[in-house]
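Hi there,

Here is the structure I promised to pass on. Have a look at it first, and my notes follow below.

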Amino acid sequence: CLNIVDDYLSTQPRQANLLLRTYGPGSLGGGDCGELCELPEPCPTDPILPGCRYDTYDNAVAAIYLTKRGKLDSARSILDSFTKLLYPTSLDGVPRRARHVGPSGRTLTLLAAAYSDLHGAEAGQYDSHGVYDGAVDTGNNAWAALAFAHYAAAADSPCHASVARDMLSALIAGESACKDALGGVIGRREPYPRNYRSTEHNIDVSALARVLGEDETWRKVHKFVHSMYGRNKAYNRSYSMGTGDEETCDDSQPEGPVPADCTYWNLLADADPDARRMAEALAFALRTPQPKASSGSSSGKKDDEDDPNFQAAQGMWSTDQDLIHHTGHSFHGTRFTTWGNGIQWEVTASAAMAMLHFAKKYGKLQDGGAMVNISHFVDQARDSLRLLLGMYKGVPGSVLGGNREAWVKWTMVQDKWRRDVAFPGGTDTGVAWSYLRYNHVASTAWTGLLLLYQAKEGDALYEDANPLAPPARPVPKSGGGGGRGGGDLTCLPGHAKSQRHAQHKAKKEGEGDAEPQHKGEETSKPTTEAPTAEAEEEAEATPRKPSTAPRSTTTEAPRSAPKGTTSTAEPSEEAEFQLWRDWVQQQQQQQQKDKQKQQKQKEGHGDDGDIRGQEAAPGVVAEVKVDRLIGGSLGLDLHAETLTVVGFNKPEAKKVGWRIGDRLFSAGGKRLEGKDDLFRALGKFGSKEQEASPMTFKVLRLDLCGHSCWAAVHELGKACSSSWAGQCPSSWEPPKPFDRKSALSDLCPAECGQASIKGAWTHALQPGVEVVLITGGEIHWQSGHKTDLKVEDDAEPPRKFSTRFRGEVFHGELLSNETLRWSDGDLWLRVAGAQAPEGGPPPLAWSRDADRGEGREGGSSEGAGSEQAPLQRADWHAWRRRHAEQHDAEYREFLAWRRRRAAEQQRR
């Protein structure tokens, strides 16, 4: 029988990415009921989507089977296809929030549900002709990661172990991991996210965490699986399908069936290893539904014991007849859910394995005091699967005839519990689709795993064949070194063109910076082991810098409560609102002092804000001349606080000369100190329409032989460990204080994901005139002089520093807008621009229409001394939604201030 499984998988058609086709080749015949029995060839088709499916899950199970069978080359071919779909070599068209950076240091995009044979697919492309179903489901990706982990153990491949850990990191990152009392992870993520939590998906993740030895992650998802027992009151001795889908991490319990895999895969994974619960759930699953005479209702939701629909949903073990290929034998197995009809063979194979595992681990099974003969059910399932292999040279999704139209007619219109329908349109899952009479990769591969686990009664169990359990050989440590260099990542495609976050995390680990600061960009802790769930709760989207969310302490703060908030605070919130208002006012006063000090310094230079006469150091300042606005805007997405280009909302903007990472500091010869200055400049420029004269913008951009930092790292794929000499010809000298030995991680720290303080900085008043380099705990001045830089606080990463210059100690603070503020009033800007955090506030995108609508042109924001509007509770609610719920750096700054104030009051 195993040879039949091998032959089926080896001859299954493949698409351009070399994944196995999920169904076929060809149908097994739908019966003799005319048009309702005609099955499309060579595979089942969707009314909307052309082509055949090549499912991620099915290929993952096939890869695991081939690994356990010892056919490592065949398994590797599937995994090679996955790696090309996981690690993009270009970020063009890849949704920003779909990107993750794992412990390996590589940019990762999770797998789509299914791919197509119409065209080859690329990593991170979820709506191309090469993708059949672009949903990024947790369970499918967990299964793919399991395939990598099992292969890594069998082949002793650290590289494939790295992929498994990268995928686990992405699956539990940030908002994907729910932090409420239920815990667990959401079921579907970007680019088409959903809010529900699936029990089966969390079982899959628990298996992956256990295989990789991630105990803390296992506990997080185990908590969710454990909480699902009896939660669906219609089936109080089984595991609910999951939660609702109305809001993020929805904790509601919808009506619905319970799936068979929530019991059987739960057992195989030991996701909720509770003997009583497992016994009750298994006993329920092995009951045979007993529908009475049809009542004409098909809801399956009543709990009336006299209702046939309720009776039909009590249990899932069933018997089917193959009316097309007559053998005289009945087939036995499990339904897909309690609301389903007909046997689903993939879950049946796993059910037999789960029963064997239960008997070994927990012993005998009882149901209501009566003994349940587990061996009887195992033999029924295994004999049926053997028979199907012999008949069809593979295992079909169903033995029931009929096509999709028959399924719609008989299963969705008429009473679904009627058993006198000869060809009901395949096996109805009870959750809006059916399996038709085509050989099925997942059903066949699962059958192979069952026969490896125990080929016949009495044989010893081969535990290594359990795909949801740790393999016999341990999974090796990961091969990736991320930004640390080293490690075997040879199984991965060429370097992705966005690696800054992972290398930031790797560097932080090397410097003892153990945990991320706040959310905003998908990353994870780059250790050789997968990160813990606690680390990942903050690790999704850790940016390269402190807080980047625009503060609500400026004149642009929202003045009305967001939808869904209330204008009245609870008594417990009143005190915190007052504290927050005091803190904001203190911040505003400090900002006003800074502006006044800068103004004095401007007057001392005699430039009145005009910087046209300043001469910048070569290679750090670039000019962009804009002849006209593009559709009323620059076509840029700008980081709201740093005025750094983080993307393009008009493709034409690239042709003008803008580069991602450009930090704007001048427009038309006037210094830009913030977005208000930019809005005023653009308002005047845009008001002239097509007759406007060109406007020259100056930006901070380190010139790497004609390339920006972003282009060198993310488009050319240059390694951050490489030096200037490795990037540029000998005739191209680096700007001081760099030299030809300077590493790209020093030249472009923001792009290479280094600590926020590291890298080149320049004076805000004279950008580019003098550049200093901070690295290795020292400030390297352009003159060649060096001074020590000491850390002055315990924050992670540090925010406060000091240095001694010419006998005087200066204290500096790293602000949220990528600025260093020194105790003498001097402000430094980072030379290599910072990027907006993933998942953070939306980028700033000015347009002429929006400007007019908000009255920015010549409006109330004119002048540094404009009066701040009174802070209201609506501002407090808006700020809290942006910062407190994310627990980001700005919120932690407020908490630290509040603690200091409380301590001062206590001392008084």
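**What I found**

Let me begin with threonine 22, which sits in the loop that links helix H1 (2-11) to strand E1 (23-27). Please keep in mind that this is a predicted model. Is threonine 22 buried or exposed? Its relative accessibility is 1%, and buried means under 20%, so threonine 22 counts as buried. Its side chain makes a polar contact with the side chain of aspartate 55, at 2.8 Å. Beyond its neighbours within four places in sequence, threonine 22 also touches a set of residues that includes Tyr8, Gln12, Arg53, Asn439 and His440.

Next comes helix H9 (residues 275-285), which is mostly covered, with 8 of its 11 residues buried. Among them are Met278, Leu282 and Phe284. The cover over the buried residues of H9 includes helix H7 (215-227), helix H8 (261-269), strand E9 (317-321) and H12. At the start of H9, the backbone nitrogen of arginine 276 has a side-chain oxygen of aspartate 274 within 3.1 Å.

H12 (residues 374-392) also meets helix H14 (residues 441-453): their axes come within 11 Å and cross at roughly 125°. The two helices are therefore oblique to each other, and their crossing is left-handed. On the H12 side, the contact is made by Arg382, Leu385, Arg386 and Leu389, while H14 brings Thr444, Thr447, Leu450 and Leu451. Sorted by class, that makes 4 nonpolar, 2 polar and 2 charged residues.

Best wishes

Technical notes
Residues numbered from 1 in each chain as written. Predicted model: local features only at pLDDT ≥ 70, side-chain atom pairs only at ≥ 80, totals over all residues. Heavy atoms only, no water. Axes fitted to C-alpha atoms, helices over the stretch in contact; angles between N-to-C directions. Helix = DSSP H or I, 4+ residues; strand = E, 2+ residues; numbered from the N terminus. Parallel < 35°, antiparallel > 145°, perpendicular 65-115°, else oblique. Left-handed = near helix turned anticlockwise from the far one by under 90°. Contact = heavy atoms within 4.5 Å. Nonpolar A, V, L, I, M, F, W, Y, C, P; charged D, E, K, R; others polar. Buried < 20%, exposed > 50% of the residue type's maximum accessible area, 1.4 Å probe, protein only. Polar contact = N/O pair within 3.5 Å; in protein donor to acceptor, adjacent residues only side chain to side chain.
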